[in-house]
Amino acid sequence: MAQPNASPGLWTLAWRRLKRDRVGMVSLAVVVAYLCVVFLALGGWIAKDWTREVGVNYAPPVFFPDDQDETAIPLGKSVALPDQVDLYGLQDPLARQLEAIRARHPDDARSTPERRQLTLPLGGDKWGHDVLTKVIKGSETSILVGLIAAILATVLGTVMGAVSGYFGRWVDDFFNWLYGVFTSIPYLLLIFAIAAVLQQKGVSTIILILGLTGWTGVFRLVRAEYLKHKSREYVLAAGAMGASHARRMFIHILPNTSHVILVQLSQNVVGFIKSEVILSFLGFGVPVDVVSWGSMLNEAQNELILGKWWQLAAAGTAMAILVTAFSLLTDALRDALDPKLKY
Amino acid sequence: MNLGAFLIRRLWQMIPTLLGVVLLVFFLFNWVGGDPAYILAGKMANPDDIANIRHQLGIDRPLWEQLLIFVQQIVTGDFGNSWATQEPVSAIFRTRLGPSLILLIPMMLLETAVAVAVALAVSAWRGSTLDRSLMAVSTVMMSISLLVYIIVGQYVFAYLLGWFPVKGWSDEFWRNLTTYAVLPVLLGLMVSIAPSVRLYRTFVLDEIGQDYVRTARAKGLSETRVLLVHVLRNAAIPIVTNVLMGLPALLTGAFLLERFFAIPGIGREIILAVERSDFPIIKAATVYVAMATMLANLLGDLLYHWLDPRVHLE
Amino acid sequence: MPGMINHMGRLLFILVLAVPLAGFAAAPEKVLHLALSAAETGFDPVMTSDLNTASIEQQLFESLLTYDYLARPARLVPRLAADMPTVTDHGRTWVFRLKHGVYFAPDPVFKGARREAVAQDVIYTLMRFMDPKNRSPYKFLVEGKIIGLDELAEAARRSGHFDYDAKIPGLEALDRYTLRVRLKTTDYNFAHAMAQPMYGIVAREVIEAYAGDTASHPVGTGPYHLARWVRSARMVLERNPYFRHETWNFEPGDDPDNRRIAALMRGKTIPQIDRIDIQVIEEPQSVWLSFGKGELDMVGLAGQFAPLALQGDHLRPKYAARGIRLDRISDPSIAYYFINQQDPVLGGMSPEKIALRRAIFMAQNDEEMIRVIDKGQAIRNAYPIPAGVAGADPGYRSVLDYNPELANRLLDQTGYARGPDGYRRMPDGSPLAVRYTSSLSSQDRELDEMMKKALDRLSIRFESEKLKFPEILKAERQCHVQIRLSAWIADYPDGDNFMQLWYGPHTHENNASCYQDPQWDRLYERTLTVPDSPERNALYHQLARMLELKGVTKVSTTHIRNVLSQPWVLGFKPHPILPSVWAYLDIDTARAPRE
């Protein structure tokens with residue numbers, strides 16, 4: 001085989017180098033820990049009932065019980081029934097149905113007041129949701145959004161970059177044009193426009209917005225790699241042996257550019273997790289039955305000056321730790337994967 | 001390739017890109033961008049009023065006709081008046097550009113200066129504790145959301161400590177620069193410095209590995225001199241182009257700072273325009289920023305060539 | 001020529017005073033710093049409709065009438081008119097006499113001359129509302145009312161040119177200062193229309209000189225003129241040098257707070273404040289922190305920040321100790337849920353559809369909304385007409401109060417059985433989901449959460465539709481919205497301004513529930529022929545009850561307006577209708593921080 005494809009060696013070497021990098025390993029451990037949390041939350045083993053209102057409104061964290069001036073919720077207030085008020089001579093169109101209900105339930109049922117916690121491990125939000133549970137559930141959403149969107153963007157960027165760099169000529173011109181268009185439109189307007197097209201249909205919208213706007217960086221690098229590689233000997237040889245274009249592009253060249261792609265992917269995850277916060281600020285966040293770090297930070301936006309800092313702190317810290325670890329891991333990966341870099 | 005031919009070719013290439021931008025924005029916003037007539041008509045408007053407004057704004061015409069008008073507007077540079085306030089669009093951008101620049105240019109200069117200094121420092125002591133801890137700190141810094149920086153920063157530094165005004169903008173350049181822009185600029189730097197440090201560090205390390213550095217060291221030049229004169233001169237090329245190409249994106253990217261600190265900049269204006277479906281402003285913003293981006297890229301390439309004639313213009 | 005004499009006299013007075021004063025240091029400038037929560041939309045009153053812009057126009061332009069600063073409930077008083085109009089012919093003929101010696105603020109169009117506002121200007125101003133070119137959002141206050149005006153508008157629609165020189169029987173200048181308006185039918189609310197800030201008088205030559213850009217050249221007769229405008233960012237108002245001499249002499253009555261204000265302000269010249277510096281600040285955190293630091297002189301305290309400054313109904317001691325004042329009134333507004341009566345899922349008058357709608361309304365926990373979202377700064381109000389507006393009934397009891405048990409039983413009774421997934425289905429077994437429409441703002445996200453909780457209580461599937469505000473309006477007008485929480489604030493303090501929200505012919509206009517019920521419409525039309533009286537109130541009660549019984553709407557809350565002012569702001573009292581009262585305030589320069 002005339003192909004100097006060093007992939008297996010590259011990956012083994014990279015792993016050996018990574019293992020020697022203490023910071024890299026710690027970051028890896030942190031990232032893996034977060035992924036475990038995501039996995040557990042996804043499976044419904046933890047943080048399943050984050051929507052339950054377990055505490056009083058703005059319950060403070062246990063380690064910081066403050067001077068409560070919101071009182072517990074009064075429940076079971078009496079309400080008027082249609083036949084107890086003046087109908088001003090009008091006929092109730094539901095008189096018959098209400099009569100039947102009255103016959104079946106002569107006692108006027110009242111809900112019993114619920115018991116709610118005065119403090120929660122990391123405090124509660126305005127409804128009394130447990131912030132700890134929310135952060136965990138939010139990690140699931142934010143990390144999944146970041147990961148899937150990054151994979152989407154990377155796949156898009158890689159395929160376009162590969163095709164563009166490999167075929168060159170008018171194909172390259174076309175994708176370069178597309179790249180030019182996407183990078184020239186103000187990012188803010190691009191988000192608004194794509195968001196408007198997609199409507200608000202849940203988490204998938206955010207993933208699409210991020211994926212469709214985020215492919216350009218990958219494209220540029222992958223295209224450059226393919227430009228470099230397509231005239232290398234091993235590719236020409238594969239071509240001479242009758243390998244199809246697709247085979248040459250994705251079986252022969254792709255493994256040799258994979259380190260570039262992996263680093264880009266990892267960078268995109270970090271970038272997208274942060275972008276989700278800004279999307280939430282602009283109103284394109286997750287729907288109300290989903291919680292994410294972005295939705296928490298935006299909720300907490302007005303809470304700080306009210307002295308309810310715990311949601312801001314919890315979501316901000318959870319996010320900062322993951323993003324830091326992921327960024328350091330990206331650096332470590334880059335160092336481990338790129339043998340040319342000796343520093 | 002000679003410079004003139006290069007310039008002409010690049011400028012010529014801008015036309016299809018701009019056309020793509022125009023088409024994309026036009027169709028996206030026309031298709032889904034909302035109908036401003038309903039908000040302009042007020043709360044008691046009847047269908048006739050709506051039709052009247054749509055007619056006056058020209059949005060009842062066929063799409064191709066509207067597109068033609070758009071292209072005409074780009075060629076003449078006159079985007080008409082804002083639908084929401086009747087103010088000429090050009091006047092809006094004229095008044096918004098100043099505040100945006102007062103915010104962005106200091107931010108860019110400080111960011112570059114600090115990032116280059118740190119990058120040089122950590123490269124000089126690469127692999128040391130200083131290098132590692134500075135890199136770690138910068139990673140942590142950029143891991144915190146800008147939104148959190150702004151919320152906490154405004155609360156702590158402007159309100160609790162009273163070091164800066166909470167918000168505001170005046171008519172005087174110096175007052176804006178030295179009073180109102182300070183805190184937003186510093187908060188913006190918190191997130192923007194770290195990526196630059198990391199990037200510039202790689203630029204500097206790229207240069208340090210070059211032969212000429214070894215030669216310079218061999219000649220017995222001091223390490224400081226090698227770094228500051230030889231390495232920096234060469235690393236400056238990618239750094240300057242990087243800064244230049246990042247500028248147009250910054251123009252619209254500072255909307256969070258502009259909103260929280262009540263700075264009348266471009267980003268905030270765009271959000272307002274989208275909220276009101278003020279299409280003339282959206283169109284103008286797109287075209288202006290797209291052109292600025294493309295020109296910045298061209299300028300970056302030229303600069304690259306000028307600083308390092310080895311680089312070929314293609 | 002009393003106006004002339006008055007003018008000469010004042011000039012002499014100024015000259016006499018100017019000499020000795022020149023030797024002293026100038027009195028410190030009085031500046032009022034304010035914030036707007038959303039951007040203004042330009043200052044041609046005929047084209048504007050939002051409250052933020054109206055608050056500024058109120059100071060730049062003057063309408064014929066206005067509301068007394070202190071009297072509650074709000075009472076009409078003359079502004080540009082010399083006295084209240086004479087109304088004859090069963091409310092069909094109105095004669096307004098204008099004040100003499102009222103001048104427009106200086107503008108290059110006047111070429112240095114003083115331009116007096118006269119009856120012809122009022123006619124021109126009213127005509128402008130019907131000019132199709134101006135697409136006025138407030139033309140509904142004159143549309144279909146003034147004899148001859150609609151015909152003029154119709155002619156303009158055909159010819160593309162509005163004939164401002166036409167003489168119409170409905171608008172006649174009897175002399176330089178007297179205007180007679182003749183209406184087609186009885187309209188007891190016409191006086192309220194003439195008190196709207198949008199109906200401030202403009203000068204024809206100014207409008208024509210700045211045609212196409214009238215929004216940035218407001219020239220009125222008000223106490224202030226626009227000295228500087230940075231669009232959607234900053235507006236600076238300065239005293240109108242030609243403003244007539246007016247003194248602060250509102251009648252305080254017995255109210256102790258009014259007496260305190262009158263003692264501070266009585267006899268002072270209007271306006272006292274030299275400059276009003278207004279900035280647009282969207283983020284509530286920035287507004288609040290600015291006020292806390294003294295960068296703003298007055299702020300409206302958004303509900304979500306109420307716990308910051310309020311303890312119960314009172315100012316927290318730490319702010320009271322700084323001399324900060326809290327003024328609170330209940331807004332003449334309602335927040336109301338409506339359901340589109342033409343919706344294929346929720347609309348219809350069969351008992352099970354009515355039951356479904358009423359169940360959805362009964363699942364809305366208003367008390368929780370007040371506590372959690374409004375932070376206590378709202379009151380439960382089930383009546384379509386809020387307090388402070390003619391026809392209000394604070395004692396009204398709703399049949400749609402929060403009662404999830406009854407709501408669920410009603411659904412059980414009418415055949416909405418729960419499917420295998422736990423969610424209810426339509427009586428015919430088809431799936432049921434309710435789509436709630438709201439905007440992208442973070443406040444609306446809280447409302448989404450409220451609605452989701454309400455529907456969860458009923459085991460009805462919740463769907464969310466997020467639209468930009470103009471899109472919501474469009475969907476409402478086209479009867480595409482299923483259910484939404486909407487709000488209405490009084491243009492003028494009369495119940496009709498609220499009840500018209502459900503009038504059948506207003507479908508595709510502002511009857512967002514698209515409710516078309518001949519029985520209701522006939523009753524409503526009867527209210528138009530009676531002035532404010534127990535007779536009209538009885539009709540209003542029937543109208544309100546019918547909206548509930550048929551599951552059209554549920555009026556939920558009325559907001560409380562909290563205004564905080566710094567200790568150096570003198571004479572402030574919140575007004576339920578006037579969008580701004582800055583000309584009636586003063587600043588204690590001894591206490592105010594220096595620039």
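The following exercises, each with a worked solution, concern a predicted model.

Local features require pLDDT of at least 70 and side-chain atom pairs pLDDT 80 or more, whereas totals for chains, interfaces and linings use all residues. Residues are numbered from 1 along each chain as written, chains are lettered from A and ligands numbered from 1 in the order written, and side-chain values use heavy atoms, without hydrogens and water.

**Exercise 1. Chain A and its helix 11**

Task: Describe the secondary structure of chain A, and determine which elements pack against the buried residues of helix 11 of chain A.

Solution. 
1. Chain A contains 12 helices and 0 strands; helices (H or I, at least four residues) and strands (E, at least two) are DSSP runs numbered from the N terminus.
2. Of its 343 residues, 54% are buried, where buried means under 20% relative accessible area, exposed over 50%, and partly exposed in between (1.4 Å probe, protein chains only).
3. In helix 11 (residues 293-300) of chain A, 8 of the 8 residues are buried, including W293(A), M296(A) and E299(A).
4. Within chain A, these buried residues pack against helix 2 (22-42), helix 4 (131-167), helix 10 (245-281) and helix 12 (310-337). Helix 7 (146-160) of chain B and helix 14 (442-457) of chain C also pack against them. The contact criterion is heavy atoms within 4.5 Å.
5. W293(A) is also among the residues that touch the most other members of the largest nonpolar core, which has 187 residues. Such a core is a set of buried Ala, Val, Leu, Ile, Met, Phe, Trp, Tyr and Cys residues joined through side-chain atoms within 4.5 Å.

**Exercise 2. Strand 5 of chain C**

Solution. 
1. T86(C) has V95(C) as its bridge partner.
2. These two strands form a hairpin with 4 residues between them, and D89(C) in the turn has a positive phi of about 60 degrees.

**Exercise 3. Salt bridges**

Task: Locate the partners of K167(B) and R234(C), and state whether each residue of the K167(B) pair is buried or exposed.

Solution. 
1. The whole structure holds 69 salt bridges over all chains, each a side-chain nitrogen of Lys or Arg within 4 Å of a carboxyl oxygen of Asp or Glu.
2. K167(B) meets E295(C), with the closest N and O atoms 3.2 Å apart.
3. This pair crosses between chains, from the loop between helix 7 and helix 8 (173-180) of chain B to the loop between helix 8 (284-292) and strand 13 (298-300) of chain C. Both K167(B) and E295(C) are buried.
4. R234(C) forms a salt bridge with D277(C), the closest N and O atoms being 2.8 Å apart.
5. The latter pair links strand 9 of chain C to strand 12 (residues 275-280) of chain C, its residues being 43 apart.
6. R234(C) is buried at 13% relative accessibility, and D277(C) is buried at 9%.

Note on methods: Pairing = 2+ DSSP bridges.
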